[in-house]
Every structure is written in structure tokens, then in C-alpha cells.
Amino acid sequence: MRTGAPRGAPVLLNPGPVTLSERVRRALLRPDLCHREEEFSELQAEIRERLLAVYGLSPERWTAVLLGGSGTAAVEAMVGSLVSPAAGLLVIENGVYGERLSRIAEACGIAVSRLHLEWGARVEPAAVARLLEEAPTPTYLALVHHETTTGRLNDLARLAPLCREHGAGLLVDAVSSFGGEELEFEDWGLVAAAATANKCLHGVPGACFVILRREALPPRERAVRSVYLDLGSYARLQEAGGTPFTPAVQSFQALAEALRELVDQGGWRARRAHYARLQRSVERGLARVGIRPLIPGEESSVVLRAYLLPDGVTYEALHDGLKRRGFVIYSGQGDLARRIFRISTMGDLAPADMDRFLTAVEEVLGDG
Ligand SMILES: *Cc1c(COP(=O)(O)O)cnc(C)c1O
């Protein structure tokens, strides 16, 4: 049963923070915990096990490291901690978050080369292969799985084998896909993926994590690029039941409950199917009023889709009209701000929410 937004609160169609289920919301009211007590250790251990279990990863080969912060903190910890000092990094940019990966790497003093594409462009494997051939060794490739800027799902199944062929380590920003899209950690040869509690996992903001191969953990003697975002120290202490800094305890409580709920709802495949159903009904309903997607449905994630604003309708008018009717949509970024709006189906949403949303869209457009 999906409980959805509390009465009177808007339905969130933005890509996180998401509409919480009642079950996850109630987890925020559990008794306060000291992070140096065994109750916290147990909670942390459960979350770390459950995170690996989302994609059936073996705890012998993989480890999940929990951090405080939004998704960007996990991405920065992954890039800053795992790219060794002598290595270069190739970054694929086809949206805001790919470009952020480059900025993070540069801030860490990493030698970055870029495959810079227009936002929303398809990533051609041949172009990636060429750059990997020219790259000095050792090298890593970093890319965004689901580029939330446009909804494009970058085709990891085709791009990952190139890394294996060229001996490059693959680092993935899976912030807006983990839990809602297919991620074949083993088959695709990932080194690590970074994600967050409050997107497809339906937890609250404040906790994020990196899942990495144990063999990729940085050696203890390696100089760190950040004290707070050093994955090595988190990993070592968390393995022993501890944590280096004060964690976001309430976020962890909610994340544990959200992960239990994900299992009860059938795991990532069922969640993906649920999102796909909601997106299909939105796409069909918007098509009826002449609104078209920015990129074709089959190249888009099921988590979020971008739609072209109809002629003569500003984002502000659409947003404000929908907000008055109880729905929060999401604008485009940069140059796309005037051309698109985005609809995310993450969170505790039901098909009936989408039906009401589509009725609201028709009303708002009718008013214009
Ligand atoms: C949301 C998101 C992030 C991180 O954003 P935060 O605001 O730091 O949580 C990073 N990458 C992608 C692809 C995202 O969608």
C-alpha cells in the first residue's frame, strides 16, 4: 500500500527529496541514539548489508561506506579517494552532473580529460574508446548513469566493456539511479558507484554512500585529498562498527526503514516497473495535450523524464498553476530552464497521483 503525501502537503514530482511513505516518516521518531553505542553499530551494519543486497553484491568482494551529506558528498568521496595519485581521469559530460564530476576531480588536483557533449546528447561508444586509447595509464573513467539534467540514461551496458578492454577503472555517479534502474556491478566491472538515501531509495536527505570493490580501497599510507570525505577512514572504522564523525542518525534510521520497505515491495526490479508504469501514464497523458518528451522514452530513465514546455506557456505559469493544485514539478537547468520541465516518479507515489496530476495539467493549460 502506498500512503503518499500527507493530507494537505504537495505531491513532489521533483527528483528528491521525495515524498516519504508513512512507514519511513515514522522511522524519524524512533528513540535517539548515541553513535558510540552498540544500537547505532547494529543500525549501521544493517544498512551497509542491505545496500549491498539491493543488487545482490557479495560482502566478500564489495563494501558499502556510509557518509553524511547529499549525493554530491558521496561522488566527491568516491572520486577523491579512489583515483590514485598517478592516475588520470576521463570524464564523460552530457549534463550538469557529468560537468560536476569534472569540477570535483579538478578540485581534488586530479588530471582530468573530458568528453564534453551537449546536454542530453547520446554518448557514442566509439568516441569513448578513442579517448581511452589515448589516455595515459593508469586511468579511470567517471560518468553519470542517469543524467538527471535531461532524464537520459547513459548506456552503461555498452560503455562499461570499453573500460575493461582498456584497463580503465569505472566510477559511476548512480545518485539518481541506485534502487530504480538496472546496475550490473559485477558484469559491467564497476569499481565503485556513489548514491544517496533520498532519491530512488525513498529515504530522507542527509545520508549518502559509496559502494566499492574491497580491492579498490585506498591503502592506509596514501595521502588523502580530504579529511572529511576520505572513504578509507570511513571504511576501516565502519568495518569495526564505528564511524569517524557524528553521523546523520535520524537519516540512517529512515534509510534502514526505506531499505526494508524496498525489499517488502519486491526490490529494485519491482520499483523500476512501478516507476515505468507511472512514467508511461504521464507520457501518454501529456501527449494528449500536445506535450512531447525532450528525448525518446526508450533512451530515458524511468526515474525522471524531461518534457518540452508547450508554445506560449512559461515554466513559471505551469509550475505555479500546478503547485496551487498540489503538485511540485521541476524546472530545467541552465539554457534548458526556458525550454523544459521535468517529472520524477521517485517517492511514495501511486498511479492515482499521476491521474490527478494529469487532470491538473489540463486545468492549468485550459486556464491559459
Ligand atoms: C541529485 C544528483 C546528484 C547529487 O545532488 P545532491 O543535491 O548533492 O544530492 C548527483 N548526481 C546526480 C545524477 C543527481 O541526480
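## Contacts of the ligand

In this predicted model, an oxygen atom of the ligand is 2.5 Å from an N or O atom in the side chain of Thr72. Another side chain that takes part is that of Lys199, where a polar atom lies 2.7 Å from an oxygen atom of the ligand, while Gly71 contributes through its backbone, with an N or O atom 2.9 Å from a ligand oxygen atom. Taken alone, the ligand exposes 380 Å², and the protein buries 84% of that area.

## The surrounding shell

The residues around the ligand are Ser70, Gly71, Thr72, Tyr97, Arg100, Val144, His146, Thr148, Asp173, Val175, Ser176 and Lys199.

The space that the ligand takes is the largest pocket. Two or more residues of the shell come from each of helix H3, which runs over 71-82, and helix H4, which runs over 96-107, and these are the elements that contribute at that level.

## The chain as a whole

The secondary structure of the chain consists of 11 helices and 14 strands. Along its principal axes, the C-alpha trace spans about 65 × 55 × 30 Å.

The radius of gyration of the chain is 20 Å, which agrees with a compact globule, because a globule of that kind with 368 residues would have a value near 21 Å.

Technical notes
Residues numbered from 1 in each chain as written. Predicted model: local features only at pLDDT ≥ 70, side-chain atom pairs only at ≥ 80, totals over all residues. Heavy atoms only, no water. Near = heavy atom within 4 Å. Polar contact = N/O pair within 3.5 Å; in protein donor to acceptor, adjacent residues only side chain to side chain. Areas by Shrake-Rupley, 256 points an atom, 1.4 Å probe, with all protein chains shown as cover. 1 Å grid on protein atoms, 1.4 Å probe; cavity = no way out; pocket = protein on both sides within 12 Å on 5 of 7 lines; lining within 4 Å. Sits in = over half its atoms within 2 Å of the grid points. Helix = DSSP H or I, 4+ residues; strand = E, 2+ residues; numbered from the N terminus. Rg over C-alpha atoms; globule rule 2.2 N^0.38 Å.
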